[in-house]
Amino acid sequence: MERTRVRRFAVAVAAGLAGFALQTVATGSIAAFWPGRALTVAAAILLGPWLGAAAAVLAFWNSTRRVALIAICVGEALVVGTAANRRFPALIAGTLFWVAN
């Protein structure tokens, strides 16, 4: 693999693990906002939709047993990451994702 590809993958893994740590530590009303999403969506915007989806899977795989939550977070990373790659505003794409969801 190229050096930049390995670096991008390492950043995605780090974002996923940091998101997992945030999800694990979050309690009470903060846990309802899924704080790990902040890192996985940022990874999707910066690294692309597939690496963002990988970060989302890492962040939510063991922190929840609800498959629907994992699918929603992976879907959000794919939609927002694709929008960012196509120069569409990521905030609007995320908003449309949650309105349609």
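The axis of a helix is here a line fitted to its C-alpha atoms over the stretch in contact, and the angle between two axes runs from 0 to 180 degrees between their N-to-C directions. In this predicted model, the axes of helix α1, which spans residues 3-25, and helix α3, which spans residues 49-60, come within 7 Å and cross at roughly 30°. Because angles under 35 degrees count as roughly parallel, α1 and α3 are described as roughly parallel to each other. The crossing of these two helices is right-handed.

On the side of α1, the contact is made by R8, F9, A12, V13, A15, G16, G19, F20 and Q23, while α3 contributes L51, A55, L58, A59 and F60. When the residues in this contact of α1 with α3 are sorted by class, 10 are nonpolar, 3 are polar and 1 is charged.

The nonpolar residues of the model also form cores, of which the largest has 10 residues, namely A44, A53, A56, A59, F60, L69, I70, C73, V74 and A77. The elements that give two or more residues to this core are α3 and α4, the latter covering residues 67-85, and the largest share, 5 residues, comes from α4. Within this core, A59 and F60 are also among the α3 residues that take part in the contact with α1.

C73, another member of the core, touches W34, R37, A56 and F60, when residues up to four places away in sequence are not counted.

Technical notes:
Residues are numbered from 1 along each chain as its sequence is written. This is a predicted model: local features need pLDDT of at least 70, side-chain atom pairs count only at pLDDT 80 or more; totals for chains, interfaces and linings use all residues. Side-chain values use heavy atoms; hydrogens and water are left out. Helices (H or I, at least four residues) and strands (E, at least two) are DSSP runs, numbered from the N terminus. Angles under 35 degrees count as roughly parallel, over 145 as roughly antiparallel, 65 to 115 as roughly perpendicular and the rest as oblique. A crossing is left-handed if the near helix is turned anticlockwise from the far one by less than a right angle, and right-handed if clockwise. Contact means heavy atoms within 4.5 Å. Ala, Val, Leu, Ile, Met, Phe, Trp, Tyr, Cys and Pro count as nonpolar, Asp, Glu, Lys and Arg as charged, and the others, Gly among them, as polar. A nonpolar core is a set of buried Ala, Val, Leu, Ile, Met, Phe, Trp, Tyr and Cys residues joined through side-chain atoms within 4.5 Å. Buried means under 20% relative accessible area, exposed over 50%, partly exposed in between (1.4 Å probe, protein chains only).
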